[in-house]
Amino acid sequence: VNKPGRKLKHTWSKMMTFSRAAEGLRAEFQRQMMEVQKEIPFEYVRFHGIFNDDMMVYNEYEDGTPYYNFTYVDELFDFFMKCNIKPFIEVGFMPEKLASNKDQYIFWWKGNVSYPKDLSKWLNLVEAFIRHLIQRYGKNEVLKWYFEIWNEPNINNVFWFESKECFFDFFSKTFLTIKGVDYSLRVGGPAVINEISSGITWYDDFLQYIKDNNINIDFFSYHVYPIIYDK
């Protein structure tokens, strides 16, 4: 008690997480988050599934022409603004109408993690999403947010079913689409999970790829779990 104290840096309060975007629309979730933000406020919040079908963002007419609905996105982000917390946006997963394989999904709520059947439609969706956020919340606000492309693609046949080279191309084109709206936006990823393997790892290859292709990500995200995957 008599010894001098030192200031505790609250690194833990930088970001909180919850399951998926649609759950953030529930009254009980919102009540709890408001309580958390009042007692132990966090700066950012991360979650899955901003493009999941239960958010009703993406649809197509009978002729295949896409149309977007950002109503639930607006409700969720309006609530975040009310709570004084900023979104750390995981850009994913794949809307079913855009999915190349409807059976490639994760979790009981079926977040589709397949490659888009039409990459140009995916990129148009991403661009429309970013432009909508800037129009609604203002450039100065959105520049404070983070945009993270995908989640743990290095877990084969879990969050990504194609080759890593296919993901690298998918990542770079999505990255450039977001940056094409405004280069100052903070874009990165890809939220790789720790991997025990011999030789060059998946994320070493990813870092080499973005270096070789001049993809200057704003942050590199990495998940650490006390587990080892069987090969």
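Buried means under 20% relative accessible area, exposed means over 50%, and partly exposed is in between, with a 1.4 Å probe and protein chains only. This is a predicted model: local features need pLDDT of at least 70, side-chain atom pairs count only at pLDDT 80 or more, and totals for chains, interfaces and linings use all residues. Residues are numbered from 1 along each chain as its sequence is written, and side-chain values use heavy atoms, with hydrogens and water left out.

**Stop 1: aromatic pairs**

Start with the rings. Rings of Phe, Tyr and Trp (its six-membered ring) pair if their centres lie within 6.5 Å; planes under 30 degrees apart count as stacked, over 60 as edge-to-face, and the rest as tilted. The structure holds 45 such aromatic pairs.

Select Phe88 and Phe219. Their rings form a tilted pair, 5.5 Å centre to centre with 55 degrees between the planes. Helices (H or I, at least four residues) and strands (E, at least two) are DSSP runs, numbered from the N terminus. Phe88 lies in strand 5 (residues 86-91) and Phe219 in strand 10 (residues 219-223), so the pair ties together parts that are 131 residues apart in sequence. Phe88 is buried, at 9% relative accessible area. Phe219 is buried too, at 14%.

Now select Trp160 and Phe170. This aromatic pair is also tilted: 5.4 Å between centres, 40 degrees between planes. Trp160 sits in the loop between strand 8 (146-149) and helix 5, and Phe170 in helix 5, so the pair ties together parts that are 10 residues apart in sequence. Buried or exposed, Trp160 and Phe170? Both Trp160 and Phe170 are buried.

**Stop 2: helix 3 against helix 5**

Axes are lines fitted to C-alpha atoms, for helices over the stretch in contact, and angles run from 0 to 180 degrees between N-to-C directions. Helix 3 (residues 119-137) packs on helix 5 (residues 164-181) at about 35 degrees, with the axes 9 Å apart.

Which residues of helix 3 meet helix 5? From helix 3, select Leu119, Trp122, Leu123, Val126, Glu127, Ile130, Arg131 and Ile134. They meet Asp169, Phe170, Lys173, Thr174, Thr177, Ile178 and Val181 in helix 5. Contact means heavy atoms within 4.5 Å. Colour this set by residue class: nine are nonpolar, two polar and four charged. Here Ala, Val, Leu, Ile, Met, Phe, Trp, Tyr, Cys and Pro count as nonpolar, Asp, Glu, Lys and Arg as charged, and the others, Gly among them, as polar.

**Stop 3**

Pick Arg131 in helix 3. Arg131 is partly exposed, at 44% relative accessible area. Then pick His132, also in helix 3. His132 is buried, at 17%. Leaving aside neighbours within four places in sequence, His132 is in contact with Phe70 and Asp74.

Move to Met81 in helix 2 (residues 71-83). Met81 is partly exposed, at 29%. With neighbours within four places left out, Met81 is in contact with Pro87, Tyr137, Glu141 and Trp145.

**Stop 4: charges over rings**

A charge sits over a ring if NZ of Lys or CZ of Arg is within 6 Å of the ring centre and within 35 degrees of the ring normal. Select Lys179 and Tyr183: Lys179 lies over the face of Tyr183, 4.5 Å from the ring centre. Then select Arg186 and Tyr146: the charged end of Arg186 sits over the Tyr146 ring, 4.1 Å from its centre.

**Stop 5: the backbone**

Most residues other than glycine have a negative phi, and most peptide bonds are trans.

Select Gly92 and Phe93. The peptide bond from Gly92 to Phe93 is cis, with omega near -5 degrees. Phe93 belongs to the loop between strand 5 and strand 6 (105-106). Next, take Gly189 and Pro190, whose peptide bond is cis with omega near -5 degrees. Pro190 is in strand 9 (residues 186-193).

Finish with phi. Met56 is not a glycine, yet has a positive phi of about 55 degrees. Look for Met56 in the loop between strand 2 (44-48) and strand 3 (58-60). Lys110, not a glycine either, has a positive phi of about 60 degrees. Lys110 is in the loop between strand 6 and strand 7 (111-112).
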